[in-house]
Amino acid sequence: MLIQLKEITKVYRTREIETTALDNVNIGIEKGEFVSVMGPSGCGKSTLLNIVGLLDKPTSGSVTIDGELTSELSDRALAALRNRRLGFVFQSFHLIPTLNVADNVELPLIYRKGVSASERRRLVEEVLEKVGLSHRTRHMPAQLSGGQSQRVAIARAIVGSPEIILADEPTGNLDSRMGAEVMDILHRLNREDGKTIVMVTHNEEQARQTDRIIRFFDGRQVQ
Ligand SMILES: Nc1ncnc2c1ncn2[C@@H]1O[C@H](COP(=O)(O)OP(=O)(O)O)[C@@H](O)[C@H]1O
Ligand SMILES: [Mg+2]
């Protein structure tokens with residue numbers, strides 16, 4: 001099992017209210033699986049992805065990634081695990097508006113020791129080619145369509161060769177044609193490069209094309 005969540009509960013506390021975003025969730029994901037996560041708004045999907053992605057910690061329960069019990073790692077080791085093994089794609093792209101396409105994609109490599117500038121350039125070219133954007137390297141994010149922006153975000157997510165891609169409604173801001181392009185890329189990354197993918201989606205048809213659908217309601221897994 002590549003990703004193992006055991007008895008995960010997440011409670012958000014503000015001064016007035018307590019929200020149980022995840023309630024005793026148990027999930028195992030095998031290496032190479034393409035899994036979709038579905039459920040109504042507010043049922044805990046993003047919370048789940050943030051916890052799998054080590055961006056947030058559960059209130060209780062354990063997250064194990066490739067045999068490493070993450071609660072036992074220092075913040076530094078967690079950051080290293082996140083940087084090397086996990087790639088993130090969000091609904092709203094999260095590109096840096098003041099950096100061009102190539103510089104946005106290069107970002108995750110900047111924090112990595114031992115990768116020379118020429119190697120970084122080579123990797124950036126390679127992933128931009130993979131997402132069909134070799135001809136847009138000097139464009140600024142504002143000059144791109146939504147579909148192109150999301151392909152840049154995918155290139156940035158994979159440039160450091162993570163084995164896991166976490167995508168939170170990656171086609172949520174795209175029309176159906178651009179959404180289909182993004183889905184094609186994710187399927188290729190899964191099939192050809194063996195990436196393990198966990199994707200939140202509201203689109204039943206997209207979900208049906210993945211290996212497995214995990215459904216949530218009110219912080220709990222259903223079925
Ligand atoms: N940072 C936070 N502080 C307080 N409550 C939060 C926070 N993030 C999410 N929630 C609450 O947790 C629940 C699950 O949210 P979320 O995981 O974003 O759901 P989804 O992605 O399925 O729409 C919601 O009730 C939401 O309001
Ligand atoms: Mg969400």
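Predicted model: local features only at pLDDT ≥ 70, side-chain atom pairs only at ≥ 80, totals over all residues.
**A quick briefing on the chain**

Residues are numbered from 1 along each chain as its sequence is written, chains are lettered from A and ligands numbered from 1 in the order in which they are written, and side-chain values use heavy atoms, with hydrogens and water left out.

**Overall build**

- Seven helices and ten strands make up the secondary structure of the chain; helices (H or I, at least four residues) and strands (E, at least two) are DSSP runs, numbered from the N terminus.
- The chain is as compact as a globular protein of its length, because its radius of gyration of 17 Å is close to the 17 Å that the globule rule gives for 223 residues. That radius is taken over C-alpha atoms, and the rule is 2.2 Å times the number of residues to the power 0.38.
- The C-alpha trace spans about 45 × 40 × 40 Å along its principal axes.
- Of the 223 residues in the chain, 49% are buried. Buried means under 20% relative accessible area, exposed means over 50%, and partly exposed lies in between (1.4 Å probe, protein chains only).
- Among contacts with a separation of 6 or more, 73% link residues 24 or more positions apart; a contact means heavy atoms within 4.5 Å.
- The charges come to 29 positive and 29 negative side chains, and the centres of the two sets lie 4 Å apart. Lys and Arg count as positive and Asp and Glu as negative, with His and the chain ends not counted, and each charge is placed at NZ of Lys, CZ of Arg, CG of Asp or CD of Glu.

- Four strands form an open sheet in the order 2-1-4-5, with antiparallel pairing; two strands pair if DSSP finds at least two bridges between them.
- Strand 2 (18-29) and strand 5 (68-69) stand at the edges with a single partner strand each, so one side of each has no neighbour in the sheet.
- Eight bridges pair strand 1 (residues 3-13) with strand 2 in the antiparallel sense, and Val-11 stands opposite Thr-20 in strand 2.
- A hairpin of four residues connects strand 1 to strand 2.
- Strand 4 (residues 60-65) and strand 5 run antiparallel and are joined by two bridges, with Thr-64 opposite Leu-69 in strand 5.

- Strand 7 (residues 164-168) is largely enclosed by the rest of the structure, because five of its five residues are buried.
- Both of its faces are covered: Ile-164, Leu-166 and Asp-168 are buried on one side, and Ile-165 and Ala-167 on the other.
- Strand 6 (residues 86-90) runs parallel to strand 7 and is joined to it by five bridges; here Val-89 has Ala-167 as its bridge partner.
- Strand 8 (residues 196-200) also runs parallel to strand 7, with five bridges between them, and Met-199 in strand 8 is the bridge partner of Ala-167.

**Helices worth a look**

- Helix 3 (residues 101-110) is mostly covered, with seven of its ten residues buried. These are Val-101, Ala-102, Asn-104, Val-105, Glu-106, Pro-108 and Leu-109.
- The cover over the buried residues of helix 3 includes helix 2 (75-85), helix 4 (117-130) and helix 5.
- His-187 sits in helix 6 (residues 176-191) and counts as buried at 14% relative accessibility.
- Leaving aside neighbours within four places in sequence, His-187 is in contact with Phe-34 and Gln-209.

- Asp-66, in the loop between strand 4 and strand 5, has a positive phi near 50 degrees although the residue is not a glycine. Its relative accessible area of 40% makes Asp-66 partly exposed.
- Ser-161 also has a positive phi, about 55 degrees, without being a glycine. Ser-161 lies in the loop between helix 5 (146-158) and strand 7 and counts as exposed at 52% relative accessibility.
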